[in-house]
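The structure comes up below.

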Amino acid sequence: MMEPLPLAPATDVLIVGGGPAGLYAAFYAALRGVSVRLIEARPELGGQLSALYPDRRVYDVPAAPNAYADQLVAQLVRQLTPFAVDVRLGELVTALEPDGAGWVVGTDHQRYPAGAVILAAGLGALRPRPAPEPGMHTDWPQPGEHRGQRVWVQGGVPQATQAALQLHQQGAQVTLSHRRALFRGTPRQLEALEQARRAGGLQVVAAAAPDWQPPEPQDARYFLNSYLPDLTPLQEWPLGWQGEYVPAGPDGQTRLPGVYVAGDLSSAGADFKLISVAFAQAALCANHAVYHVRPELKVRPGHSSDRRLSYPD
Ligand SMILES: Cc1cc2nc3c(=O)[nH]c(=O)nc-3n(C[C@H](O)[C@H](O)[C@H](O)COP(=O)(O)OP(=O)(O)OC[C@H]3O[C@@H](n4cnc5c(N)ncnc54)[C@H](O)[C@@H]3O)c2cc1C
């Protein structure tokens, strides 16, 4: 018989997904003074913004016009810094079981008890496109993983540019190739790539023929070619799914008591898959989730401007 996965200490609120909805829900729940855990399948936070378009400018987020998507993610993460939110990266949420008045959320690593759960899973877990050959890495290198090794990174997406730079900075001998002429990345990343190329430390091959290969044998190969959303780990949950959406009441609560939904996954915003809509739904869900676990805290958050929080400069 298989050993059950370890049970982590409980938190008041658990959030599934680290995109804009999940990050802002984590902020709001933590601001209200409850304990918060956030679980994200990818090795980094930011949801679609960091996975699909970190290098694009976004114009319609309130009070942050003209920001690159990766800057918006950095600000959302910065907004969390006064709080001790327990962030678990690289864990895929697959199970939800009732547990007394609350829930136990299961991942591929652990089981996490929580008083309330906020589903902020967007279009689904953003999983790397499969590699064409076995043995190729398809997501982020671990820091220092290939120091001193020869590494071939294939792909033109921003993650390929960033991975090549990161590996190069950590002492790997890197070749970056792409079958198209252009590599994507923020201006800062593309400038760093060009500098590393000119200095001779990083080989960059654009418009590579399909059968092109770097000359010497490689110690590791990365195939970074964007991400595909996968809702299947959640779709067996009895949430009354409407296609790819989870319906909810005006407080964001699903048909399961203490389970809330915000952002692209919620049927409430279906025609408006927007960051600003995700933020509003996250604030509502977080405050109702807090009230669900700690009724003495009330639903209404009051004004944050009445508070004193400490942020690093
Ligand atoms: C190319 C592009 C450009 C866009 N431009 C704009 C724009 O200009 N303005 C705008 O307002 N919106 C824009 N959007 C839409 C915007 O990105 C989404 O509305 C927003 O990301 C929704 O946030 P979310 O947190 O609900 O979901 P997501 O950003 O999808 O985040 C959900 C997170 O949950 C994780 N997750 C899902 N399932 C699991 C699981 N089972 N276990 C663990 N983790 C899980 C995913 O990996 C993901 O990181 C754009 C979208 C795209 C694709």
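Lys298 has a relative accessible area of 56%, so Lys298 is exposed. The cut-off for exposed is over 50%. Lys298 lies in the segment after α6 (275-293). The model is predicted.

The backbone of Lys298 deserves a look. Phi of Lys298 is near 65°, a positive value in a residue other than glycine. Most residues other than glycine have a negative phi.

Ala63 belongs to the loop between β3 (57-58) and β4 (67-68). Ala63 counts as exposed because its relative accessibility is 87%.

## The ligand and its shell

The ligand sits in the largest pocket. There are 32 residues around the ligand. Glu40, Gln48, Tyr53, Asp60 and Ile275 come nearest. By class, the shell holds 18 nonpolar, eight polar and six charged residues.

Which elements each supply at least two residues of the shell? They are α1 (20-31), β2 (36-40), α2 (48-51) and β9 (125-128).

## Polar contacts and cover

On its own, the ligand has 1000 Å² of accessible area, and the protein covers 88% of that.

## Ala125 in strand β9

Ala125 is found in strand β9. Is Ala125 buried or exposed? Ala125 counts as buried, because its relative accessibility is 15%. The cut-off for buried is under 20%.

Ala125 and Arg42 are 83 residues apart in sequence. In space, their C-alpha atoms are 7.7 Å apart.

## Arg184 in a loop

Arg184 has its place in the loop between β11 (173-177) and α5 (187-198). With 29% relative accessibility, Arg184 counts as partly exposed. That value falls between the cut-offs for buried and exposed.

Arg184 and Ala121 are 63 residues apart along the chain. Their C-alpha atoms are separated by 26 Å.

Note on methods:
Residues numbered from 1 in each chain as written. Predicted model: local features only at pLDDT ≥ 70, side-chain atom pairs only at ≥ 80, totals over all residues. Heavy atoms only, no water. Near = heavy atom within 4 Å. Areas by Shrake-Rupley, 256 points an atom, 1.4 Å probe, with all protein chains shown as cover. 1 Å grid on protein atoms, 1.4 Å probe; cavity = no way out; pocket = protein on both sides within 12 Å on 5 of 7 lines; lining within 4 Å. Sits in = over half its atoms within 2 Å of the grid points. Helix = DSSP H or I, 4+ residues; strand = E, 2+ residues; numbered from the N terminus. Nonpolar A, V, L, I, M, F, W, Y, C, P; charged D, E, K, R; others polar. Buried < 20%, exposed > 50% of the residue type's maximum accessible area, 1.4 Å probe, protein only.
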